[in-house]
Amino acid sequence: MNETRTIEIKQNILAANDAAADAFRAELAGKGTFFVDVMASPGAGKTTLLLALSEELRKNASMGVIEADLESFVDSQKIKAAGLDAVQLETHGVCHVEMNMVRKAWDAFRGRAYDYLFLENIGNLVCPADFDTGAHCRVLLLSVPEGYDKVYKYPPIFSIVDALVVTKTDYLPMNPDFDMEVLKQQARALNPDIRIFETCARTGEGVPELAAWLADRKAEACER
């Protein structure tokens, strides 16, 4: 009687990425640079929120932005037009950002120092949740037009972020089905420590509070 034995070997295929991310995180913290990974679906308002945040943060700090897209320089041009330093990261079909991409983008800043570095990740609620980009803080945007019922549809990304930023709150009167309280309950049931901000980049609602929270997180993460 022949006996067949199956030996299953599991290996973390992301181990190298995670190790590089830890090293990058420590490197930036030592330089006083706080790195924020901003994630959302397409059209949630990532670039617009970053521009609004820059108005708050640049009162006392410097800021650089890595803009990640499959193709094009549309968003990085908007960031540069506002007087911010930006590097465009084109993934050419890859649906997420990996640590080696972040490193190349950071090197493209050519040694310039920033108090804050932001990554505008690929518009996607699935793949980016699996990849550590070396950020000190991960923020997820959800716009009012998208609806409030995304938590249970995309639980991985809601479970790993530090903050949920509800954007485009000026659309609430036009979307009476959007239940803010249910959204908050669902998000906190999945991620009890998540911070939730209600914002409108065009009116400025909630942006100072988000900026102040990021400043507090920076003070905790960075050495200077």
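This is a predicted model: local features need pLDDT of at least 70, side-chain atom pairs count only at pLDDT 80 or more; totals for chains, interfaces and linings use all residues.
Seven strands make up an open sheet, ordered 3-2-4-1-5-6-7, and their pairing is parallel. At the edges sit strand 3, residues 85-90, and strand 7, residues 195-198, each pairing on one side only. On average, neighbouring strands are turned by 20 degrees against each other, ignoring direction.

Next, helix 2. This helix covers residues 46-57, twelve residues in total, and spans 16 Å from first C-alpha to last, close to the 16 Å expected. Several of its residues are buried, among them L49, L50, L53 and L57.

Now for the inside. Which residues have the most contacts within the largest nonpolar core? They are F118 and L214, in a core of 30 residues. Strand 1, helix 2, strand 2, strand 4, strand 5, strand 6 and helix 7 each supply at least two residues of this core. Leaving aside neighbours within four places in sequence, L214 contacts F34, V36, L53, Y116, F118 and C137. There is also a second, separate core of 20 residues, including L28, V97, A105 and F109.

Finally, the charged side chains. The count comes to 14 salt bridges, and I'll pick out a few. R25 pairs with D132, with the closest N and O atoms 3.0 Å apart. R25 lies in helix 1 and D132 in the loop between strand 4 and strand 5, so this pair ties together parts 107 residues apart in sequence. Are these two buried or exposed? R25 counts as buried because its relative accessibility is 18%, and D132 counts as buried at 18% as well.

Compare R112 and D85, a salt bridge with its closest N and O atoms 3.5 Å apart. Here R112 is partly exposed, at 38% relative accessible area, and D85 is partly exposed too, at 28%.

One last stop: E27, K31, R103 and D107 are linked in a network of salt bridges.

Technical notes: Residues are numbered from 1 along each chain as its sequence is written. Side-chain values use heavy atoms; hydrogens and water are left out. Two strands pair if DSSP finds at least two bridges between them. Helices (H or I, at least four residues) and strands (E, at least two) are DSSP runs, numbered from the N terminus. Axes are lines fitted to C-alpha atoms, for helices over the stretch in contact, and angles run from 0 to 180 degrees between N-to-C directions. The expected span of a helix is 1.5 Å times one less than its number of residues. Buried means under 20% relative accessible area, exposed over 50%, partly exposed in between (1.4 Å probe, protein chains only). A nonpolar core is a set of buried Ala, Val, Leu, Ile, Met, Phe, Trp, Tyr and Cys residues joined through side-chain atoms within 4.5 Å. Contact means heavy atoms within 4.5 Å. A salt bridge is a side-chain nitrogen of Lys or Arg within 4 Å of a carboxyl oxygen of Asp or Glu.
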